[in-house]
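Reader: I would like to go through this model by question and answer. Please start with the term that the contact between chains will need.

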2 protein chains.
Amino acid sequence: VPIEIPAVVIDRLPVYARALTALESRGRDVVSSQELGEVLGVTPAQIRKDLSYFGRFGKQGRGYNVQRLAHELRQILGLDRQWSMILIGVGHLGQAILTYDGFHPQGFIIIDAFDSNPALVGKVVGGVTVHHIESLRSYLAQRPVDIGIVAVPPEAAASIIDVLVDGGIRAILNYAPTSVSVPDTVEVKNIDPVLALQSMTFYLKTAKQQAL
Amino acid sequence: VPIEIPAVVIDRLPVYARALTALESRGRDVVSSQELGEVLGVTPAQIRKDLSYFGRFGKQGRGYNVQRLAHELRQILGLDRQWSMILIGVGHLGQAILTYDGFHPQGFIIIDAFDSNPALVGKVVGGVTVHHIESLRSYLAQRPVDIGIVAVPPEAAASIIDVLVDGGIRAILNYAPTSVSVPDTVEVKNIDPVLALQSMTFYLKTAKQQAL
C-alpha cells in the first residue's frame, strides 16, 4: 500500500514541474533546491520534503538533475499524455474557456461542450461543438471522459456535477462559485477568484496601516 | 516590527473566514478546531497554528467563539470594507468577469474597464463602462484604485502590469497564463486553471493504475 501523499504536496508538484521544464528548455543541467526555492517562493526544505515522497532525486550538495526530475514529475503527474475534457455551460465564461489556448499545449483537450440554451446548441465555439445539456447523460454512457469543466450558474452546479459523477467522470474543474459535495473517488478543484482577492486585501490593508 | 506571516497562512484565512461566516449565519455559537478541520480538509493542529499568528482566539477544550473569530478574521483580512477594482481586457473572459455576480456581495467593486478594441470602447458591460487602454495611465494618475484584474492575452500582460504598478496599484489578479514579475510591494495572484488540472491528473493516473 503506498503512503498517503498530502493534497497540498500534490498541488505544488505542477508548479515544480513547470519551473523545471522552463529550466530544461533553457539548457540547464543541474539546479539546487535553494535556487528552485528562490524562483518559486518556497523554502528549500519544503522542496526536498515534497520530493522525498517520490524517492531520491538529488544528491546532497550536488543539486537536482533538471532533465531527470522534470521527466519524473511529468510521469508522476500524468503530464506526458492527453486528457479528454467536456465543458458544461457556454456563457461568457464558457466561451472564454473554449477559446483559451493554454489547455491544448498541456495535453488537456476539450472534446465537446454542453448548454441548455437552444440558440447555442449546434454552434461550434473554439473548434468545439455545443450539444444540448439533455444529451449529457447519454453522451457519458457512450464514451469515457477524463475531466468535466463546470461553468454554469451556481444554482445549476450541483445537479450538473451529479450527472458528471454518475457518468463516470472523476475529476471536475469547477468555476461555479459554490461548494460542491462529491464522493471520495472524485477530485474537484474550484477556480475561486474571490478567495484570491481576499488573501491580497490582507496585504493592502497592512500596507495602508503602515503608511498612516 | 510584526512577525512575518507565511503567505500560505494568509491564503488559508479567507477559507476559514468563509466557513465561519457560514456557521455564524446558521446561528452556531461555538466550533472546535476539530470540526472546522473536518469541514475544510485541514488538520485541527494546522488551524490552531495558523490562528496563533494573530493572537489567542480559543480556549483549550472550549472551541472558538464563532461570531468573534469570524469578525476578527474579516478585520484581519480587510473583508469588512469595499475595494475598488479595474478590469483590463474585455474579451470573452473579461465579459464573464464583468457579469460575474460573486465579486460585489464580497465588497469587490469593478468601477471601470479598459480594452484596446475600438468597437468595445464606450460600451457598458455588466454596468461597467469600457475605456480605451490608452487612457489607463492618465486614469490611474487621477484616482487611486485598489486592485487591477488582468484578462488580456499573455503577450500583452507584462506591459499592462507595468502600467498598473506604475499607476500605484498594489494588488493584481492575473488571469493571463504567464508568470509576471513585480516589485516586492505588489501582490499578484494568478488564476491558473492548468495548474489545477495538472494536480488532478495525479489522482486520475493513480486510480487508473490501481484498476489495471
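Author: A salt bridge here is a side-chain nitrogen of Lys or Arg within 4 Å of a carboxyl oxygen of Asp or Glu. The model is a predicted one.

Reader: Which residue of chain B forms a salt bridge with A:Asp192?

Author: Across the interface of chain A and chain B, two salt bridges are found. The cut-off is 4 Å between a side-chain nitrogen and a carboxyl oxygen. With the closest N and O atoms 2.8 Å apart, the partner of A:Asp192 is B:Arg18.

Reader: Which element gives the largest share of the side of chain A that touches chain B?

Author: Elements giving two or more residues to that side include α1 (7-25), α4 (66-77) and α8 (193-211) of chain A. The residues of that side divide into 34 nonpolar, 10 polar and 10 charged. The largest share, 15 residues, comes from α8(A).

Reader: How much area do chain A and chain B bury between them?

Author: The contact takes 54 residues from chain A and 54 residues from chain B. Carbon and sulfur atoms carry 71% of the buried area. The area buried between the two chains is about 5,300 Å².

Reader: In the sheet of chain B, what is the bridge partner of B:Ile147 in β9(B)?

Author: The open sheet has seven strands in the order β6-β7-β5-β4-β8-β9-β10 (chain B), with mixed pairing. Strands β8 (residues 147-150) and β9 (residues 171-174) of chain B pair in the parallel sense over four bridges. The partner of B:Ile147 in β9(B) is B:Ala171.

Key: Residues are numbered from 1 along each chain as its sequence is written. Chains are lettered from A and ligands numbered from 1 in the order in which they are written. This is a predicted model: local features need pLDDT of at least 70, side-chain atom pairs count only at pLDDT 80 or more; totals for chains, interfaces and linings use all residues. Side-chain values use heavy atoms; hydrogens and water are left out. Two strands pair if DSSP finds at least two bridges between them. Contact means heavy atoms within 4.5 Å. Buried area is the accessible area (1.4 Å probe) that two parts lose on being put together, summed over both. Ala, Val, Leu, Ile, Met, Phe, Trp, Tyr, Cys and Pro count as nonpolar, Asp, Glu, Lys and Arg as charged, and the others, Gly among them, as polar.
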